Amino acid sequence: MYDYVIVGGGSAGCVLANRLSASGKYKVCLLEAGPKDTNPFLHMPIGIIPVIRSKILNWNFLTTPQKNCASRPMLWPRGRTLGGSSSINAMCYIRGNAWDYDHWAELGNDGWSFKDVLPYFRRMENFEPGVDARNAAYHGTGGPLNVAAARYLNPLMKAFVEAAQQAGLKRNDDFNGPEQEGVGFYHVMQKDGARCSNAEAFLKPAANRANLTVITDAHATRVLFEGDAAVGVRYRRAGVEVDARAAREVILSAGAIGSPQLLLLSGVGPRAEVEKHAIPLLHDLPGVGENLQDHLDIHITHRDQSHNAISLHPRAFFRSVANLFRYWFGRSGEFTSNFAQAGGFLKSDPAQPIPDIQWHFVPFIYSNHGQQLMPLVKNFAYTLMTCFLRPESRGRVHLASSDPLAPPAIDANYLATERDLDVLVKGFKRGREVMRQPAFAAYSGGEIAPDPAVQSDEQIREYIRANCETIYHPVGTCKMGRDPMAVVDPRLRVHGLRGLRVVDASVMPTLIGGNTNAPTTMIAEKASDLILQDAAVGLSQRQFNPQAVVAAALLESH
């Protein structure tokens, strides 16, 4: 028996395990389906190449064939180890735009405006470049998550930033400061040249607490209920099913794919979807698994005739050996690189109030998330990735089977609206302009992808449909709100049930304008306060009373 059982040891789960166990008052259990994060490649920034190819550390989800993307099923890498996707991602530290959070509040999510969430961003952060009078309102020090400047910059990164300025974009040295628009170098979630995953930042410091139990290789199969109250989680480990009981709350932090899947397996979701798989319906909640959103990427690649790019080409072997020594003995050099060191935010139309396009620039050829190595071996290259930050398309996660170990069915429904495709075309054409600037003259050996013959808008549209890929930002499938399709309320409690919350990227009602790991971490930071506030005033969803609700609201407001 525990007070809190958390399902998912990823970005959100690691934060919750730390914060809920910190006082020593509550017994906390964290369940993670994957193994411990002991693989050395998880901690070496350049290790993103092997870990994203792993069948053990990566869920390797596949979408259904995407009808608007040449009927292709798409690979969705997601972290399957302590730290979750923060252990296998590109480590870019981006909060999104202040507008995104104000929009959440406008949708009825009180307490989630930018003014409300900024203190949590600052609390979780140790901004290594330093906080002074110019940026103190936006950054914090002393938090668990270390945010650093890149220790190494590939020469191509500097060429990209210079080229973007030549194309008329402004320089921005801090995308998380007062202004998001512009181009520059990303801050990264690293410490001492190594990855600073949420497992390193939050879970490791708490691991030896007597009141925290962490169980890995534990695949949750259903939430246990007594009436309408969640009382525990059933999980499978080494072929044996075990029940972890929760005296206070069950918290789902399995991500935008895992959390809705577990709810559906437990009989919580749209009636037709649950009953289709002969699962007893516990609670008809139509929004579970709906509202799926993701950022879609399209690439422009040039051959690097200077051979300065990071590459798996045999001619880079001796350089790689030298950099391995630099990394092991000094935490310096190319092996500290997160690859996507440069990028930026821009508007597809000057009339846009905020940026709606994001760029990531990498010094190699990018092919199917690193699953195809031959293009890397054959080409020294560099690539600009373009994504539309606020897609209109909405997909869904639903069950493919009642087997809890089977992957769910994921329909991203990419490019379902013409606007999504039109903005990508605009961003692509602007990126092509940057890639042809004089700053790249010493590097460019010509465009590899797309074929230079692809010039008309219709040709570009077809290229996008045939080659676009996820940039790993699925959200929204257990969205927060008060409308009929909302799954959780603004305190992240599941509507219509007691003792059950969802805390992860699935609660985002809309995609934020940027990378999603930092916002997910913030959500868990704020959620831990909400949970502890409820505990402090004796509020249990199993013993719900109006006076306790009022007391909790007053406590939160102060």
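Modeller: Helices (H or I, at least four residues) and strands (E, at least two) are DSSP runs, numbered from the N terminus. This is a predicted model, where local features need pLDDT of at least 70 and side-chain atom pairs count only at pLDDT 80 or more, while totals for chains, interfaces and linings use all residues. Residues are numbered from 1 along each chain as its sequence is written, and side-chain values use heavy atoms, with hydrogens and water left out.

Colleague: Where is Asp217 found, and what is its phi?

Modeller: Asp217 is found in the loop between strand 10 (212–215) and strand 11 (219–226). Asp217 is a residue other than glycine with a positive phi, near 55°.

Colleague: Does Asp217 count as buried, exposed or partly exposed, and why?

Modeller: Buried means under 20% relative accessible area, exposed over 50%, and partly exposed in between (1.4 Å probe, protein chains only). Asp217 has 39% relative accessibility, so it counts as partly exposed.

Colleague: Which ring does Arg331 lie over?

Modeller: Arg331 is in the loop between helix 9 (317–330) and strand 17 (342–346), and its phi is near 45°, a positive value in a residue other than glycine. A charge sits over a ring if NZ of Lys or CZ of Arg is within 6 Å of the ring centre and within 35 degrees of the ring normal. At 4.4 Å from the ring centre, Arg331 lies over the face of Tyr327.

Colleague: What kind of aromatic pair do Tyr101 and Phe121 form, and why?

Modeller: Rings of Phe, Tyr and Trp (its six-membered ring) pair if their centres lie within 6.5 Å; planes under 30 degrees apart count as stacked, over 60 as edge-to-face and the rest as tilted. The structure holds 17 aromatic pairs. In one of them, the ring centres of Tyr101 and Phe121 are 5.9 Å apart and the planes stand at 70°, so the pair is edge-to-face.

Colleague: How many residues apart in sequence are the parts that this pair ties together?

Modeller: Both Tyr101 and Phe121 are buried. Tyr101 lies in helix 3 (residues 98–106) and Phe121 in helix 4 (residues 114–124), so the parts tied together are apart in sequence by 20 residues.

Colleague: Which residue lies over the face of Trp112?

Modeller: Trp112 belongs to a cluster linked by ring pairs, together with Tyr101, Trp104, Phe114 and Phe121. Over the face of Trp112, at 5.1 Å from the ring centre, lies Lys526.
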